[in-house]
Amino acid sequence: MPGAIHAEGLVKTFGDVRALDGVDLDVPEGTVLGLLGPNGAGKTTTVRVLTTLLRPDSGRAVVAGLDVLKQPNEVRRSIGLSGQFAAVDEYLTGRENLQMVGQLYQMSGRAAKARAVELLERFNLTDAADRPTKTYSGGMRRRLDLAAALVVSPPVMFMDEPTTGLDPRNRQQLWEVIQELVAGGTTLLLTTQYLEEADHLAHDICVVDHGKVIARGTSDQLKQRTGGERVEVVVHRPDEIEPARSVLAGFGKGEVAVETHTRRLTVPVAGGAKLLAEVIRELDGRGVEIDDIGLRRPTLDDVFISLTGHAAETGAAPEDGEADESGEDPRTRKETDQ
Ligand SMILES: Nc1ncnc2c1ncn2[C@@H]1O[C@H](COP(=O)(O)OP(=O)(O)OP(=O)(O)O)[C@@H](O)[C@H]1O
Ligand SMILES: [Mg+2]
């Protein structure tokens with residue numbers, strides 16, 4: 001039996017760009033699928049097709065038992081969507097936005113009001129509830145948008161980068177909300193650039209790149225595929241990165257990943273603790289001062305790098321302003337207006 005979300009051979013081109021190049025997905029009811037991939041991989045396009053906002057050139061999709069192409073209106077009534085860019089009415093207050101959504105879904109005025117109060121509380125927006133949303137910070141808008149997606153409890157939810165731009169506390173709270181939803185039977189497709197988030201929330205993960213699913217499995221299965229242990233070294237000075245890189249290249253069985261700003265180098269190895277001792281001796285012999293060194297299991301970041309050839313772009317401030325329209329680094333933004 002196909003899952004609550006099922007897609008086969010989705011293709012979508014924009015001019016020369018093949019945004020989707022034959023995407024197949026299946027999300028069993030009551031589970032979370034994490035869609036991971038670098039910028040431009042086709043994540044948002046997938047979400048837009050599955051939520052009836054975009055017609056694919058070919059392929060088919062069924063959501064909540066309904067054909068996305070043949071029954072778009074019915075599909076829309078069965079799903080909730082929180083897009084990559086918050087879609088709230090700037091001139092309405094937070095409370096009014098939520099009540100309006102409730103009324104669009106034919107809730108009674110009273111029920112819509114009560115639901116708005118509940119969601120404002122849950123997303124830490126009670127204090128700002130009666131201000132027009134144009135005065136909200138980026139993180140507040142995002143939370144309001146997520147709250148709007150939860151006004152009715154649809155059986156299938158789509159969230160496109162739900163926690164991008166949220167501070168750690170709000171991210172944690174959203175994770176809790178998501179876990180409650182899923183425990184209650186909701187099926188969720190979520191895209192994220194935060195691999196820790198996928199690790200934490202997703203039952204299954206699909207990695208997409210250039211419009212194709214390039215790997216799928218549970219987080220543990222993907223980590224196993226990426227191989228065994230890594231040696232991770234933090235050198236004391238920036239000019240020690242290069243000599244350390246050449247030492248690690250000699251021991252590794254894969255490419256040395258370097259994170260310049262933290263002076264951290266990582267390489268996959270086979271050989272365990274004995275090899276670690278040799279690496280330390282060799283680094284010492286070259287006069288490289290070590291701040292930290294250790295063996296560790298692969299993370300989902302390692303999986304991502306080995307599959308797509310580069311890191312997910314969460315370590316640095318957004319470069320193209322796409323992930324965050326304000327251009328600010330979301331990790332340092334303070335919501336002083338709350
Ligand atoms: N409306 C459009 N017109 C033209 N090209 C588009 C359009 N929408 C998407 N694309 C292109 O399709 C490709 C996939 O875009 P998509 O938005 O699905 O990526 P994404 O995986 O969501 O990326 P990000 O992580 O940056 O959000 C990109 O090359 C993008 O430029
Ligand atoms: Mg996107």
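The structure is a predicted model. The protein chain contains eleven helices and 14 strands, and 41% of its 338 residues are buried.

**Overall make-up**
- In soluble globular proteins, nonpolar side chains tend to be buried together.

**The largest nonpolar core**
- The largest nonpolar core has 82 residues.
- Within this core, the residues that touch the most other members are I5, L50, V63, A147 and L189.
- Helix α5, which spans residues 138-149, gives the most to the core, contributing six residues.
- The core lies between domain 1 (5-217) and domain 2 (227-300), because both domains give residues to it.
- With neighbours within four places in sequence left aside, V63 is in contact with I5, L50, V68, V75, S78, I79 and V156.
- Two of these partners, I5 and L50, are also named with V63 among the core residues that touch the most other members.

**Around ligand 1**
- The shell around ligand 1 has 13 residues, of which F14, A19, N39, T44 and T45 come nearest.
- Strand β2 (17-27) and helix α1 (43-50) are the elements that give two or more residues to this shell.
- Helix α1 provides the largest share of the shell, with three residues.
- Sorted by class, the shell holds seven polar, four nonpolar and two charged residues.

Methods: Residues numbered from 1 in each chain as written. Chains lettered and ligands numbered in written order. Predicted model: local features only at pLDDT ≥ 70, side-chain atom pairs only at ≥ 80, totals over all residues. Core = buried A, V, L, I, M, F, W, Y, C linked by C-beta atoms within 7 Å. Buried ≥ 20, exposed ≤ 12 C-beta atoms within 10 Å, placed from the backbone. Helix = DSSP H or I, 4+ residues; strand = E, 2+ residues; numbered from the N terminus. Domains from an automatic or database assignment. Contact = placed C-beta atoms within 7 Å. Near = placed C-beta within 6 Å. Nonpolar A, V, L, I, M, F, W, Y, C, P; charged D, E, K, R; others polar.
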